[in-house]
Amino acid sequence: MIFVQSKEELDDILKKIRKNSNIISLVPTMGNLHAGHLSLIKIAKKNSTKVVTSIFINPLQFGKNEDYNDYPRTIESDKRKLEKLGCDILFYPKSNEEIFPKKQKIKLISSGDVGKILCGRKRPGHFDGVLTVVYKLFSIIKPNLAVFGAKDYQQQFLIRKMSINLFPDLKIITGKIIRDRLGLALSSRNNYLSYKEKQIAPFFFKSLQSGYELYKTGKNFPYIIEKVKNLLISEGFDVDYLEIRNTELKLTNFQNRDLKNILLGSVKLGETRLIDNIEFN
Ligand code: AMP
């Protein structure tokens, strides 16, 4: 695996690779890689001939009181995992300046109204930060294909929307959510959970699953939301939001089952924020 820290060097390498008509894929991450990230790299490998993984903890997507400084930085073990999986190139910018040069004013990409709902309500500016860094990475790497996870449903939705306009030739694949054996969606932030919180955390997905069971029996959306919320509260979660939307993230009539619907939630366990979702098939 080639380990690159400067965008100029990366550009030189990619130019050579492109000459041999390779299909280049990109898997953007913030590192602290777990099986969720690795599943995306496996998808990238299947669908391309050269896989680039980026590890960059993007300061623009963290709020003032969020965990930018504490975010786990585990580059050596990440490198080993990528090497083992057969990733071709790891782009690990040597500083934030590599992506956001001090001399240039940062031109934020707006996530619009969809960036203000769900996770965006409590995290103003978060999705603008995400889109801005993804835009930068796409511009530097110019991949043919990029892979994102369904755990961050709103994020992959917004990236798809941005790409339709700005990177029309880029193919985007969304990989399914990878969970631990108890159903908890893998996340670097799970590391923050205390022993006790780790026992509670799997009930997040179990509660979403109960919502799906209610949906299958024909219950209406407000009823499902109420029931799932109460379940979560009784388990000790602080519910930030819980919403049923269609897969285009529009609020639907509570009886509307024409489009595929999705139950999305964000909860807090102590200081740790968890997100998850379940698609109603
Ligand atoms: P992050 O490092 O948290 O920015 O995540 C990088 C990519 O991995 C994003 O596209 C996430 O949606 C994806 N991802 C994170 N956790 C999971 C998971 N449990 N299953 C599948 N994809 C995931």
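1. A polar contact is a pair of N or O atoms within 3.5 Å; within protein, one must be able to donate a hydrogen and the other to accept it, and residues adjacent in sequence count only if both atoms are side-chain atoms. In the ligand site, the side chain of His37 has an N or O atom 2.9 Å from an oxygen atom of the ligand.

2. The model is predicted, with pLDDT of at least 70 required for local features and 80 or more for side-chain atom pairs, while totals for chains, interfaces and linings use all residues. Numbering runs from 1 along each chain as its sequence is written, and side-chain values use heavy atoms, without hydrogens and water.

3. Gly149 places a backbone N or O atom 2.9 Å from a ligand oxygen atom, and Leu186 places one 2.9 Å from a ligand nitrogen atom. Of the 490 Å² of accessible area (Shrake-Rupley method, 1.4 Å probe) that the ligand has on its own, the protein covers 92%.

4. The shell around the ligand holds 17 residues, with Met30, His37, Gly149, Asp152 and Leu186 the closest; a residue is included if one of its heavy atoms lies within 4 Å. Eight of the shell residues are nonpolar, six polar and three charged, where Gly counts as polar and Asp, Glu, Lys and Arg as charged.

5. At least two shell residues come from each of β2 (24–29), α2 (35–47) and β5 (145–149). The largest share, three residues, belongs to α2. Helices (H or I, at least four residues) and strands (E, at least two) are DSSP runs numbered from the N terminus.

6. An automatic or database assignment gives domain 1 (2–175) and domain 2 (188–280). Their C-alpha centres are 27 Å apart. Contact (heavy atoms within 4.5 Å) links 23 residues of domain 1 with 17 of domain 2.
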